[in-house]
Amino acid sequence: MAILEQTVAHYNHWVMIFLMISGLYIVVARGNMVKKLVGLGLFQTSVYLLYISPGKILGGTPPILGEGLGPYSNPLPHVLILTAIVVGVATLALGLALVVRINESFGTIEEDEIFAEEDDT
Amino acid sequence: MTGEMLIILALVIPAVGAGLIGLTSWNANVRESVTLVTAAALFLVVMFILGDVLGGQSVATGAFEIVPGLELAFNVEPLGMLFACVASTLWIVNSIYSIGYMRGNNEPRQTPFYMCFAVALASTIGIAFAANLFTLFLCYEILTLSTYPLVAHKGDDNAKAGGRVYLLILLGTSMVLLLPAIIATAVIAGTLDFQVGGILAGKAPDGIIALLLALYIFGIGKAAIMPLHWWLPAAMVAPTPVSALLHAVAVVKAGVFTVVKVIVYVFGVDALARAGNAEWLVWVAGFTVITASIVALRQDNLKKRLAYSTVSQLSYVVLAASILTPISIVGAAMHIAAHAVSKITLFFAAGSIYTASRLTEISQLDGIGRRMPWTMAAFAIGALSMIGVPPTAGFLGKWFMLTGAMNTGQWVAVAVIIVSTLLNAGYFLPIIVQAFLKPPGKDVKAHAKGEAPIPIVIALTATAGGTVLMFLFPDIPLALARLLAGV
Amino acid sequence: MIADNLPALQVVLPLLGAVVCAMLRRGTLAWGVALIVSLLMPLCAIGLLLEVLENGTISYAFGGWPPPIGIEYRVDIINAFLLLLVSLIGAVIMPYAKSSVEAEIAPENHAWFYAIYLLCLCGLLGIAITGDAFNVFVFMEISSLATYALIAMGRDRRALLAAYQYLVVGTIGATMYVIGVGFLYSMTGSLNLVDIAGRLADIENSRAVMAALAFLTVGISLKLALFPLHVWLPNAYAYAPSMVTSFLAATATKVAVYLLLRYYFSVFGVAVVFEELPVTEILLFLSLAAMFGASIIAIFQEDAKRMLAYSSVAQIGYITLGIALANQSGLTGGIVHLFNHALMKGALFMALGAVFYRIGTVKIDDLAGLGKKMPITMGAFVLAGLSVIGVPGTVGFVSKWYLGLGAFENGWWWLAFLIVISSLISVVYVGRIVEVVWFRPISQAARSAKEPPLGMLLPTLLLTAATVYFGFDTTASAGIAGRAAELLLAGLR
């Protein structure tokens, strides 16, 4: 029973782990390059949760100094993750740009087909 | 001039010579003059150093520290002096010979050839004068690398394969066995400087010493102890002047020189003799002497036979050193010099035959002595020296070795020396008999028109003369050898 | 004033330079800007190194916010050494870049190329200089994103694939790194590396800290191409433009190694990493696998650049081996090899870049006979190759010497033998090139080759000369590496 309680209490971790594993799985298992990038995005998203969820205090107030405010949630994870999101978007953009170029020069974005083509030449 | 200046000059002259040879590639005559002048200059400098050493002065450079414990330093001791004398003298003769040979055979890529030769000589001098294991190792590797292009000189598949074997065995043994041995020595002894009495003496248990000795002996691949000898026959693809460089002037001599040096200055003769952990070396060296002689007996290719003869003769030196008594160390040092002059004569003769008549197999040489009397006379002298017959230089080394072995009661060594002398006679005398007593065969009739080009004849006559002279006037090498052994 | 702000300038200058390059839009002008910035970088780094050698660690509070609240730039002897290495390579490579880039990149992209290159440089220097765990991630991504773009600019269309593959793997690595930092942050509440190290002392051995260590190790190992996480590297190096390959081979993996050193020795500490966890065994095994596996693969490559790329993986094995030894000599060997390998691989890839400039290919068969056409370039290649083998008198020997000593110090005789045997394998692949280049008849492709322009030749020769120079005078390389190792082992913060 205690285990169950603990499991439920840390549900945010379970969501995080699920996202992380499924993201990685997509990256490894899918041959479509766009889908791979989607998987990569999921994987990164799990990290956002990892940072933000422990920073939240249930019933906590916004981090403003003042009368009647506090205990407040830690604002730093939000800032960090804002940066991480920007990085993630940049990565995704660059990845997609590469996929577009690959599609132009190889005529496909399926890894299997590209490697088959490469082996022929 | 100070000793330090002289050593630096001896190292720099051939290196600068290599550069000048590269710059004068536009004119063969100028280029070859540069080679000769460089060789002569090096010889002069070495003679000056010899004067100082015999005069009892110590000739050394300061140490240049690379990392703590690793220093670049040179220090002339008797054995190195002897080696440097041999190498620098023979370089002059070899250069004269090379000019005749390379021109006579229209070899390609002559400029890199002479350049690599000069670099090889610079590193040989470095090996001879090295004051510590690291400096020796550095020059040893440069020698390997600078002679590799010479071995693969012809550039055909055969030459490339020979070069590959040459490089892999020599570099391989030195990196895989010798380098760890040096590192271990640094850790155990705390220094790498050569010191009389040995830096490892009393520093480690017998088992470790025996293991290190094995690492050194087999790590010094240039000494061609079986089973690490086959780079030497493989390197036979090289042009003859290169074979002479490998067999007489520098490479194999650097190998046995290093072996003697390691035994004397790293392990210490007395320390090894007391602990008795070098006995196996007598067996290994003896085995190599006998086996290589038997293999030589079965070779029809003249250069191959000479190559196996070298393998066997080198192990004489190792054998002599492993007898571990002062008198046998004298024998080892003498044999380094004696074998150098005699073997270079033999190779010059083989190259002379090839240049004049394109013959390479012994069975083709019936009666060639009548067409090429100078060449074959020189060959005969060289062969007699190999066997150890007076009045040739080879006798001296063998005499001291035998005395040493008998004094210490090492009957295995005595037996090896006697049996191998018989074998030497067995594979050299028939060639002489064949060349002079048989009527000219069809190959000789068809190809041998007369003597080889003049520079070649001059060179081989000079070395043959040297072989005899060294027997008659052995004062200088003997003095150095005695200094080394302390008797 | 300038002297006080050197840590900031080290990173801000290339960042500004990148913006200027992007706005100029003219290739030659952009090159000029990049050149000036690249030449200023070593000056900053030398200034910092001298300051550190004299007065000890520099702490620079970015924006005036004192650590651990604000981001701290922290320069000690190790990263000062690394900053100098990266910025020197960057400076040497810029004159080289001009001809090489003109030959390999479309003219309209030149300015972009230099802008991205400066961003990459900024990222690498940033990783080295910052003392903030999350800031490292940001710089890591700046340099990585720039690297992906640079690789994708290669002439071969397979460069796109290589860049994409690297992007996927690199992002996974960086994300793993952030996860590790996340755990550390949730355990200690700090992002400042020194602060984390202090607070970890109280809570060591908790499972979250161990998880952080594991994630950081894997993430950084992906970046430094530790065997078997190296699969992205050969393609990336083989298809990237020549100048990019030379630059990355000499710097990118080195910075990642530094990061590993920083976490292992400064943050977690020798006691946790090497004594309580089997990190020594794991690193030792993987390093040996790299030294042998990658070297053997290198022998069978048809493309000289790929061959060198695999050789890089093997050489990284030597560096991580030094870390695994975790004693004075071994660690010195690892750190000095960081420097030495940068020199030799930089020289080798630059020589190959010069070949590519002249004959448009680096397939080993096409290099036949080049020794006659480009004797100076190929001579430099051979010399740097000897350094890879570790011939005495070259930098490679110095590294090997220290690693060998380190192995003996730990009483691991067998390891000393494995080290030298593995370097024997490099004889085979370097020897193969030597044979092809000097002893084969001139190939069709090489027929009209000649020496590259001076702008390419001189930097190549400079690095090659350095591989010999630092084989003899090691005060600047092994001397500093030795001090760094000493401090790291003592738990430098």
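Visitor: Is R25(C) buried or exposed?
Guide: R25(C) is exposed, at 53% relative accessibility. Exposed means over 50% relative accessible area, buried under 20%, and partly exposed in between, with a 1.4 Å probe and protein chains only. This is a predicted model in which local features need pLDDT of at least 70, side-chain atom pairs count only at pLDDT 80 or more, and totals for chains, interfaces and linings use all residues. Residues are numbered from 1 along each chain as its sequence is written, chains are lettered from A and ligands numbered from 1 in the order in which they are written, and side-chain values use heavy atoms, with hydrogens and water left out.

Visitor: Where is R25(C) found?
Guide: R25(C) sits in the loop between helix 1 (6-24) and helix 2 (27-55) of chain C. Helices are DSSP runs of H or I with at least four residues, numbered from the N terminus.

Visitor: What is the phi of R25(C)?
Guide: Phi is near 65°, a positive value, and R25(C) is not a glycine. Most residues other than glycine have a negative phi.

Visitor: And A326(C), buried or exposed?
Guide: A326(C) is buried, with a relative accessible area of 19%. A326(C) also has a positive phi, of about 50°, without being a glycine. Its place is the loop between helix 13 (304-325) and helix 14 (328-359) of chain C.

Visitor: Changing topic: which residues does a cis peptide bond join in chain B?
Guide: M226(B) and P227(B), with omega about 5°. P227(B) lies in the loop between helix 7 (206-219) and helix 8 (231-234) of chain B.

Visitor: What about chain C?
Guide: A cis peptide bond joins F227(C) and P228(C), with omega about 0°. P228(C) is in the loop between helix 8 (207-224) and helix 9 (232-239) of chain C.

Notes:
Helices (H or I, at least four residues) and strands (E, at least two) are DSSP runs, numbered from the N terminus.
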